[in-house]
Amino acid sequence: MPYELTLVPDHDRGGHVYRAVLAGEIEAAAVRELSDWLGDAKQNPDASFVVDLSSATTSAQARLALRSLLRAHADLQPSRRLSVIAPGRRSAATAAAA
């Protein structure tokens, strides 16, 4: 599995929060796999979801797949059941050193 899933109780809203953490260089295929999983998991009305990309780097194809994921699961956004933690921006100096 190209991402790590955890499940914790949601003390604020009830139900549970699924957290998918993606790290390193993210492939578009991993994002599509996550989107497919999310399509099944969102059938649980008490679940909410966090996609954590804070430790990830994304290619242009992976960013397109992420946009597709957000469009496919837009029905979760009005009720705040889906949130995405974006990758941190790398400074020019950090990128040059890598």
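**Entry 1**

I started with Pro9 and looked up its bridge partner, which is His16 in β2. The model I am reading is a predicted one. Next I took the whole pairing: β1, residues 4-9, runs antiparallel to β2 over six bridges. Further along this pair, Leu5 stands opposite Ala20 in β2. The two strands make a hairpin, and six residues lie between them.

Is Asp10 buried or exposed? I find it buried, with a relative accessible area of 14%. The cut-off for buried is under 20%, so Asp10 qualifies. I then listed its contacts, leaving out residues up to four places away in sequence. They are Gly15, His16, Val17 and Ser48.

**Entry 1: from β2 to β3**

His16 came up again when I moved to the next strand pair. In β3, the residue opposite His16 is Ala47. Here β2 and β3 pair in the parallel sense, over 10 bridges. I noted that β2 therefore has an antiparallel partner in β1 and a parallel partner in β3.

**Entry 2: the whole chain**

I stepped back to the order of elements. The chain holds three helices and four strands. Along the sequence I read the pattern β-β-α-β-α-β-α. The chain has 98 residues, and buried ones make up 32% of them.

**Entry 3: the core**

In soluble globular proteins, nonpolar side chains tend to be buried together. I looked for that here. The largest nonpolar core counts 20 residues. Which residues have the most contacts inside it? They are Leu22, Leu34, Phe49 and Leu82. At least two core residues come from each of β2 (16-26), α1 (28-41), β3 (47-58) and α2 (60-72).

Setting aside neighbours within four places in sequence, I get contacts with Tyr18, Trp37, Leu38, Ala41, Lys42, Leu76, Arg81, Leu82 and Ser83. Leu82, on that list, is another of the core residues with the most contacts.

**Entry 4: the cavity**

Rolling a probe the size of a water molecule over the atoms shows where empty space is left. I searched the whole structure and found one cavity of 30 Å³ or more. The space in the largest cavity is about 40 Å³. Its lining is Leu5, Tyr18, Arg19, Ala20, Leu34, Trp37, Leu38, Phe49, Val50 and Val51. The elements that give two or more residues to this lining are β2, α1 and β3.

Some names return from earlier entries.

**Entry 5: the loop between α2 and β4**

I picked two residues from this loop. His73 lies in the loop between α2 and β4 (82-85). Its relative accessible area is 4%, so it is buried. Not counting residues up to four places away, His73 touches Ser35, Leu38, Gly39, Lys42 and Leu82.

Arg80 is in the loop between α2 and β4 as well. Is Arg80 buried or exposed? I find Arg80 exposed, at a relative accessible area of 68%. Most residues other than glycine have a negative phi. Arg80 goes against that, with a positive phi near 60 degrees. I also looked up its distance to Ser48. The C-alpha atoms lie 7.7 Å apart, while the sequence separation is 32 residues. Ser48 is also a contact of Asp10.

**Entry 6: Asp36**

My last stop was helix α1, where Asp36 is placed. Asp36 is exposed, with a relative accessible area of 56%. From Asp36 to Ala72 I read 9.6 Å between C-alpha atoms. Along the chain these two residues are 36 apart.

Note on methods: Residues are numbered from 1 along each chain as its sequence is written. This is a predicted model: local features need pLDDT of at least 70, side-chain atom pairs count only at pLDDT 80 or more; totals for chains, interfaces and linings use all residues. Side-chain values use heavy atoms; hydrogens and water are left out. A nonpolar core is a set of buried Ala, Val, Leu, Ile, Met, Phe, Trp, Tyr and Cys residues joined through side-chain atoms within 4.5 Å. Buried means under 20% relative accessible area, exposed over 50%, partly exposed in between (1.4 Å probe, protein chains only). Contact means heavy atoms within 4.5 Å. On a 1 Å grid over the protein atoms alone, a cavity is a set of points where a 1.4 Å probe fits but cannot get out, and a pocket is an open set with protein on both sides within 12 Å along at least five of seven lines; lining residues have an atom within 4 Å of a point. Grid points are joined across faces, edges and corners, and a volume is the space filled by probe spheres set on the points.
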